[in-house]
Amino acid sequence: MNNGKICVSVCAETTGELVKQIKQAAIYADIIELRFDCLDKNIIRNVMENILRIDKQFLVTFRPKEQGGKRELNFRERLKFWEFFLWNNKAKKLYADIEFDLQLILKLESNKIIVSSHDFSGLSGNSTATYEILTIINSDFLKIAVNANDIIDSTAVWKLLERAKKENKKLIPIAMGEAGKWTRILGLAHGAFMTYASLESGKETASGQISAQDLIETYRVKELNEQTEVYGIVGNPVAHSLSPFMHNAAFKFHNLNAVYIPFEVKNLDEFVAKFIREETREIDLNFRGFSVTIPHKEAIIEHLDEIDEAAKAIGAVNTVKIENGKLYGFNTDAEGFIEPLRNSYGDLKDSRVAILGAGGAARACIYALKKENAKVTIFARNVEKAKGLADEFKVQSSKLKAQSESFAEFDILVNTTPLGTNGEFENETPAFASQIENVKLVYDLIYNPVETPFIKAARKATVPTIGGLAMLVEQGMKQFEIWTSKDAPMKEMSAAALRKLK
Ligand code: NAP
């Protein structure tokens, strides 16, 4: 356990909506931030007088647009608001977050006052100067929020935590944006006074905010400390990854002091140097391993000390374990793919398998199928690419079939193209029901949605199916076992992924 607080941010325009949001926020919040800049200006005074009668910890904010607020507020309006607040809050019941410029003018007795700065420029180097300016004011808490376009932009504000501890200051360091999410998750464990959360997904009041429920139930932020082992998914984008939900469910199941975090990384070289490698790192988060996803699965290899046989043959690493300062690479996609297939189909020796697509996932599937002595044919829109891959793995290739042509000469059909994924391809299928008849099994690597057009086509043709979630969970389980040497809890990991998908 740490002593940090969860502050849920509430942004409502009307009294009715505000009351509803406060009730919802109270489920998880230690402190509820009332964004007065969201409220209809005609009800501000009335709301302020009323909230003083409620027995809850509120934080009052009245933020101008240029500092991330909801609407334009001129200096005079802000000054009047805060004078009115100070008059009403004489008993110092409420917290207040007052921007630096106003604190130079208002006469504040130091109590429950946060002095804040919000920098959207992405110039993280400014954080130290901002810290020094903010410390001029004798506020109880300092809040520095900077925009992070890349994870490297979040290092400067994080380093201030160490300094604040030495100088006995209570700091709230936040790197905004997807690339700064990790600061919101790990802040409390490293001494931040508070972390901000949204009411729910879709109700964020700042970029990169995580819902209070996810912060507490998935990331268990209040249970983390400096000894917590850190894992995560390194890629770009990572915002929609299900891996944090699967792995954190597994850590919780085994009651491990470990957390799994999305790390949006654009510059892999700098990330490895500044966060991972003992000799060069600037920030020590107690990293023990990470998953690697698009676009870094190949590029990570040059940073590793050793890689396993599967990763070498496939030419891609999706798992890194860190032990005694060394980085070990693995590929669990191949095993993750083959395990559900073996369980459904049985012995794969001499089975005739059509792989649709010739990208990275296809490589892992072909590698795994070859090990099982299956007979593989690759079908891809780029015939040259399919042939190159087929030659490398000593399998067959062919041009894509027309809609009138059947796959009946195959036992198993595997989709490794993105056709069917939510978004631009969601209505597309790599094969139709009429083409699938007489095939024994259809395997779609797509898991979002669970029911893809390809799976529906197979069902129409009364062919048994395996969906992509099975592979996702299985490859995640192998990762968990590599990192922890414990049995991965399949039921909990699948349920967590499925809950998030739904
Ligand atoms: P990738 O390297 O980009 O390969 C995609 C393949 O699909 C390429 O051969 C590509 O052809 C082909 N393709 C793309 N659009 C197409 C279209 N409109 N029509 C026909 N073929 C098309 O991607 P990947 O890493 O292999 O991943 C492929 C899919 O598998 C992704 O949707 C991913 O989410 C899913 N996946 C799932 C799991 C899991 O655990 N369930 C694991 C890995 C991947 P070109 O080369 O001509 O572009």
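Colleague: What makes the pair formed by the side chains of His-247 and Gln-479 a polar contact?

Modeller: The distance between the two side chains is 3.2 Å. A polar contact is a pair of N or O atoms within 3.5 Å; within protein, one must be able to donate a hydrogen and the other to accept it, and residues adjacent in sequence count only if both atoms are side-chain atoms. The side chains of His-247 and Gln-479 are therefore listed as a polar contact. Note that this is a predicted model, in which local features need pLDDT of at least 70 and side-chain atom pairs count only at pLDDT 80 or more, while totals for chains, interfaces and linings use all residues. Residues are numbered from 1 along each chain as its sequence is written, and side-chain values use heavy atoms, with hydrogens and water left out.

Colleague: Why is His-247 called buried?

Modeller: Its relative accessibility is 0%. Buried means under 20% relative accessible area, exposed over 50%, and partly exposed in between, with a 1.4 Å probe and protein chains only. His-247 therefore counts as buried. The residue lies in helix α9, where helices (H or I, at least four residues) and strands (E, at least two) are DSSP runs numbered from the N terminus.

Colleague: Which residues does His-247 touch, leaving out those up to four places away in sequence?

Modeller: His-247 touches Tyr-260, Ser-291, Gly-476, Gln-479, Phe-480, Trp-483 and Met-493. Contact here means heavy atoms within 4.5 Å.

Colleague: Why is Ser-211 buried as well, and where does it lie?

Modeller: Ser-211 has a relative accessible area of 10%, so it is buried. It lies in strand β9, residues 210-211. Its side chain reaches the backbone nitrogen of Asp-214 at 3.1 Å. Beyond residues up to four places away in sequence, Ser-211 touches Ala-197, Ser-198, Glu-200 and Ser-201.

Colleague: Asp-214 also turns up in the second largest pocket. What makes a space a pocket rather than a cavity?

Modeller: On a 1 Å grid over the protein atoms alone, a cavity is a set of points where a 1.4 Å probe fits but cannot get out. A pocket is an open set with protein on both sides within 12 Å along at least five of seven lines, and lining residues have an atom within 4 Å of a point. The second largest pocket has 24 lining residues, with Gln-213, Asp-214, Glu-217, Thr-218 and Arg-499 nearest its centre. Helices α1 (15-25), α8 (212-218), α9 (243-253) and α18 (490-501) each supply at least two residues of this lining. The space in the second largest pocket is about 520 Å³.

Colleague: Why are Lys-394 and Thr-462 called exposed?

Modeller: Lys-394 has a relative accessible area of 67% and is therefore exposed. Thr-462, at 69%, is exposed too. Lys-394 lies in the loop between α14 (383-393) and β18 (396-399), and Thr-462 in the loop between α16 and β21 (465-466). Neither residue is glycine, yet phi is near 55° for Lys-394 and about 50° for Thr-462.

Colleague: Where are the peptide bonds from Asn-236 to Pro-237 and from Asn-448 to Pro-449, and what is omega in each?

Modeller: The bond joining Asn-236 and Pro-237 is cis, with omega about 5°; Pro-237 is in the loop between β10 (229-235) and α9. The bond from Asn-448 to Pro-449 is also cis, with omega near 15°, and Pro-449 sits in the loop between β20 (441-444) and α16 (453-460).

Colleague: How much of the protein counts as buried?

Modeller: Of its 502 residues, 55% count as buried.

Terms used: Points joined across faces, edges and corners; volume = space filled by probe spheres on them.
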